Amino acid sequence: MTIDDMDRKLLAALQEDAGQSYAALGEIAGLSAGSAHERVRKLKAAGVIRRTTIEVDPAALGRGVLAYVLLEANAWMGDSREALLDIPAVDEAHIIAGPASVLVKVRTTTTEDLQATLRALHAVDGVTSTQTVVVLESFFERQPAVV
């Protein structure tokens, strides 16, 4: 699917507020509500829009400790997806090139919970060691820009 300027306007508006009506989206993009709805439907069908969600402050849910953990392994970690999904504190997991095999983003309530999560990560088959970076303050976290 080719993304045109109208689609980009709709995507930018949805990133700002995914709960907007199709009439409001249409007004932003210069379309009718029906045309905006049809374009959004096509963007979803093509996988450009993966999901519609809300953004929640993790600290408000008691998950204020943010850390990035590098997992070093003695084997290919491509089959570890399910094991990592089973650890509730793991928000993201990425196979990487560099000093480790996998990078995970972890959010916990306390540093004690972080330590328990690190133990769980060490128990994942193939993991030989971890390196953890604890975030003290986040300047920002953003979605991909619709340019």
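The UniProt annotation "domain: HTH asnC-type", from an unreviewed entry, covers residues 3–64. UniProt positions are given in the numbering used here, feature names are shortened, and annotations may be inferred rather than shown by experiment. This is a predicted model, in which local features need pLDDT of at least 70 and side-chain atom pairs count only at pLDDT 80 or more, while totals for chains, interfaces and linings use all residues. Residues are numbered from 1 along each chain as its sequence is written, and side-chain values use heavy atoms, with hydrogens and water left out.

Over residues 3–64 the chain is 53% helix and 0% strand. The end C-alpha atoms of that stretch are 37 Å apart. Helices (H or I, at least four residues) and strands (E, at least two) are DSSP runs, numbered from the N terminus. The domain assignment gives domain 1 (5–46) and domain 2 (58–135). These bounds come from an automatic or database domain assignment. The C-alpha centres of domain 1 and domain 2 lie 36 Å apart.

Start with helix 2, residues 22–29. Its buried residues are Leu25, Gly26 and Ala29. They cover an arc of only 100° around the axis, which puts them on the same side of helix 2. Buried means under 20% relative accessible area, exposed over 50%, and partly exposed in between (1.4 Å probe, protein chains only). The arc is that of the directions from the helix axis to the C-beta atoms. Helix 1 (5–16) and helix 3 (33–45) are among the elements that cover these buried residues. Contact here means heavy atoms within 4.5 Å. Ala24 also belongs to helix 2, but Ala24 is partly exposed, with a relative accessible area of 28%. Ala24 and Val65 are 41 residues apart in sequence and 37 Å apart in space, C-alpha to C-alpha. Just after helix 2, Gly30 takes a positive phi of about 75°.

Helix 3 comes next. It has 13 residues and reaches 18 Å from its first C-alpha to its last, close to the 18 Å expected at 1.5 Å a residue. The expected span is 1.5 Å times one less than the number of residues. Ala36, Val40 and Leu43 are buried in helix 3. Seen down the axis, the buried residues of helix 3 fall within an arc of 60°, so they line one face of the helix. They pack against helix 1 and helix 2. Gly47 follows helix 3, with a positive phi near 85°.

Now move to the strands. Two strands pair if DSSP finds at least two bridges between them. Strand 1 (65–73) and strand 4 (127–135) run antiparallel and are joined by 8 bridges. In that pairing, Tyr68 has Val133 of strand 4 as its bridge partner. Strand 1 also runs antiparallel to strand 3, with 7 bridges joining them. There, Leu71 stands opposite Val102 in strand 3. Strand 2 and strand 3 pair in the antiparallel sense over 5 bridges. The bridge partner of His94 is Leu103 in strand 3. The hairpin of strand 2 and strand 3 has 6 residues between the strands, and Gly98 in this hairpin takes a positive phi near 140°.

Lys105 lies in strand 3 and, at 9% relative accessibility, counts as buried. Beyond residues up to four places away in sequence, Lys105 touches Leu66, Ala67, Tyr68, Ala89, Val90, Asp91, Glu92 and Glu141. Arg107 is also found in strand 3. Arg107 is buried, with a relative accessible area of 10%.

Leu114, Thr117, Leu118 and Leu121 are buried in helix 5. They cover an arc of only 105° around the axis, which puts them on the same side of helix 5. The cover over them includes strand 1, helix 4 (81–85), strand 2 (90–95), strand 3 (102–108) and strand 4. The face turned away from the buried side carries the exposed residues Glu112 and Arg119. The C-alpha atoms of Arg119 and Lys105, 14 residues apart along the chain, are separated by 15 Å.
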